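Student: Could you take me closely through the salt bridges of this model, and say where the partners sit and how far they are covered?

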Amino acid sequence: METEKLLVCNNFEITRINGRKEKKIVSGFSAKLFPGTLTALCGKNGSGKTTLIKALGGINLSELKIKNDGYFYGDKNLNLLPARDYSKTFSTLFQNEENAWNFSVYDYILTGRFPHTNFSGFYSQKDKALTEQIISELRLSDLANEKIFNVSGGEFQKARIARALVQEPKILLLDEPDGNLDINVQSEFFKLLLKTISEKQICCLASLHDLNQAALYSHQIILISKIDDKETQVFFTGTPEEIINKQNIDLVYGTDCEIFIHPIHHKPQVSLK
């Protein structure tokens, strides 16, 4: 494993600013993300998952006050990364994105190359060739000329992943990427995601609500509690086998759960009593 390409986050504190009011959302977050692997970020609603992904990806920074003791990709200090270079390093997908323009699937995916045009919008032959390559790799060729408004939710999700990958990111940040997908499409989506990030050696962090999906598909899970009145937060980090246990789940979610082993994939799964 290429340890020199680790994404390292040390002791992040994130505060949301709303006028004169400030509210701490994340306190003491640290993590290491490995290339070619999926790290699942799990926790209750309101625990700061989406805010954390925005902060890591340099999104809506004017609304956030961020402190940390180090943020590196390899030897690159991401705290010093110019704003215009974020979109060449990170690709970020949020749940329920709506496309305002009825592009073809091809043109929609091509817009992922926009940061590489010096934000001019004039796409080179390299941009177009890479777009065609990604469309082929993700088996979207039959949909390339379809309008975005006409494709299914699962097809649009694949197009979104293609658009993110054509950006050639080093780091992929996903906020509930499996939301609103049918169960068969979820399985296909995660298998495609794992194959792609492995082949391209991308560091991937995804916030997931479904603990069972996280246990089945992720290499590492970060379980995050909701911040308490003393502005402290609990983080558990490790493999699914290390993190998905009754003690951790009951503490973070306030549940009384049972843990069982998936009969086919042999991964821990959660069931409520």
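Tutor: A network of salt bridges links Lys 246, Asp 250, Asp 256, Glu 258 and Lys 273, a salt bridge being a side-chain nitrogen of Lys or Arg within 4 Å of a carboxyl oxygen of Asp or Glu. The model is predicted, so local features need pLDDT of at least 70 and side-chain atom pairs count only at pLDDT 80 or more, while totals for chains, interfaces and linings use all residues. Residues are numbered from 1 along each chain as its sequence is written, and side-chain values use heavy atoms, with hydrogens and water left out.

Over the whole structure, the search finds 12 salt bridges. In one of these, the side chains of Arg 113 and Asp 127 meet at 2.9 Å, N to O. This pair links distant parts of the chain, 14 residues apart, with Arg 113 in the loop between helix 3 (105-110) and helix 4 (125-137) and Asp 127 in helix 4; helices are DSSP runs of H or I with at least four residues, strands are runs of E with at least two, and both are numbered from the N terminus. Arg 113 counts as buried because its relative accessibility is 2%, and Asp 127, at 3%, is buried as well, where buried means under 20% relative accessible area, exposed over 50% and partly exposed in between (1.4 Å probe, protein chains only).

Lys 158 forms a salt bridge with Glu 188, their closest N and O atoms being 3.5 Å apart. Here Lys 158 belongs to helix 5 (residues 153-166) and Glu 188 to helix 6 (residues 183-200), 30 residues apart. Lys 158 is buried at 12% relative accessibility, whereas Glu 188, at 36%, is partly exposed.
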